[in-house]
Amino acid sequence: MNKTRTAVQLDQEAAVRRELEDFYRDGKPPWDCGVTPPELVALVEGPEPLTPGRALELGCGTGTNAVYLARNGWRVAAVDLVERAVLQAREKVLAADAEVTVLCADATRLDEVGLPGPYDLFFDLSCFCGIPPHRRDAYAAGLTERAAPGALLLMFGYGPGAWDDPVSGVTADELRDRFAGWDLIDVTPGTNPVPTFWFTLRRSSGAE
């Protein structure tokens, strides 16, 4: 039984990677439109802007938001699973003369790359919601280990059923369950034609 389950899990991971690579090969990833979302802009430039610190973007795509953060005073690291996206992100960083470290890496295996943190801000534009369920606890643990007290995680996610596959989707209840030591402080529905949400989580200041 365990071997069968492991094979299924490996198949899920491979399927997600292929799907992401296909999106970038075809040049049409729906989450990578080249425009920084207003939800991130509001955190960085709004009435009560965050003090610039260290930021880590999970699933950075072609680097639009990582460059935006760097231009606004943040020290930025960014990871993406797809090499084609990472190469484009590095080109964008170079063209913008921005200071961003872009790595080709799995957001659920951050221990394999040199990004120890701590980070004050994590940004995730539809990365977590596409991760196979069996890898999601590892994602949460990786962020928790690297989070400064009071760190924020701003996450955009598709709701269950938005995509025609058995893996995608995230709910507020799942985030509460998986992110021990974090508080889910805001859930705002997106404006997409399918169910989407913006989630904001804060790392508990007294957490270790």
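**Helix packing, aromatic pairs and backbone exceptions**

Just after helix H3, Gly73 adopts a positive phi of about 95°. Helices (H or I, at least four residues) and strands (E, at least two) are here DSSP runs, numbered from the N terminus. The structure is a predicted model, in which local features need pLDDT of at least 70 and side-chain atom pairs count only at pLDDT 80 or more, while totals for chains, interfaces and linings use all residues. Residues are numbered from 1 along each chain as its sequence is written, and side-chain values use heavy atoms, with hydrogens and water left out.

The buried residues of H3 are Thr64, Asn65, Ala66, Val67, Tyr68, Leu69 and Ala70. They pack against helix H2, strand S1 (54–58), strand S2 (75–80), helix H4 (83–96), strand S3 (100–104) and strand S4 (119–125), where contact means heavy atoms within 4.5 Å.

Two packed helices are described by the angle between their axes and the distance between the axes. Helix H2 (residues 38–45) and helix H3 (residues 64–71) pack at an angle of about 15°, and their axes are 11 Å apart. Axes are lines fitted to C-alpha atoms, for helices over the stretch in contact, and angles run from 0 to 180 degrees between N-to-C directions. H2 and H3 are therefore roughly parallel to each other; the classes are roughly parallel for angles under 35 degrees, roughly antiparallel for those over 145, roughly perpendicular for 65 to 115, and oblique for the rest. The crossing of H2 past H3 is right-handed, a crossing being right-handed if the near helix is turned clockwise from the far one by less than a right angle, and left-handed if anticlockwise. On the H2 side, Leu40, Val41, Val44 and Glu45 take part, and they meet Asn65, Tyr68 and Leu69 of H3. The residues of this contact divide into five nonpolar, one polar and one charged (Ala, Val, Leu, Ile, Met, Phe, Trp, Tyr, Cys and Pro count as nonpolar, Asp, Glu, Lys and Arg as charged, and the others, Gly among them, as polar).

Aromatic side chains provide a further view. A search of the whole structure finds 10 aromatic pairs. Rings of Phe, Tyr and Trp (its six-membered ring) pair if their centres lie within 6.5 Å; planes under 30 degrees apart count as stacked, over 60 as edge-to-face and the rest as tilted. One of these pairs, Phe156 with Trp198, is tilted, at 5.1 Å centre to centre and 55° between the planes. Phe156 belongs to strand S5 (residues 147–158) and Trp198 to strand S7 (residues 196–203), so the pair ties together parts that are 42 residues apart in sequence. Phe156 is buried, with a relative accessible area of 7%, and Trp198 is also buried, at 7% relative accessibility. The rings of Phe179 and Trp182 have centres 5.9 Å apart and planes at 85°, so this pair is edge-to-face. Both Phe179 and Trp182 are buried.

Ser168 lies in the loop between S5 and helix H6 (172–178) and, at 19% relative accessibility, counts as buried. Leaving aside residues up to four places away in sequence, Ser168 touches Cys129, Gly130, Arg136, Pro160 and Trp163. Ser168 and Val16 are 152 residues apart in sequence, yet 9.4 Å apart in space, C-alpha to C-alpha. In the loop between helix H1 (2–26) and H2 lies Cys33, which is exposed, with a relative accessible area of 57%.

The remaining points concern the backbone. The peptide bond from Gly117 to Pro118 is cis, with omega near 0°, and Pro118 is placed in the loop between S3 and S4. Asp97, in the loop between H4 and S3, has phi near 55°, a positive value in a residue other than glycine; Asp97 is exposed, at 70% relative accessible area. Ser126, in the loop between S4 and helix H5 (136–146), likewise has a positive phi, near 65°, but Ser126 is buried, with a relative accessible area of 12%.

Definitions and conventions. Buried means under 20% relative accessible area, exposed over 50%, partly exposed in between (1.4 Å probe, protein chains only).
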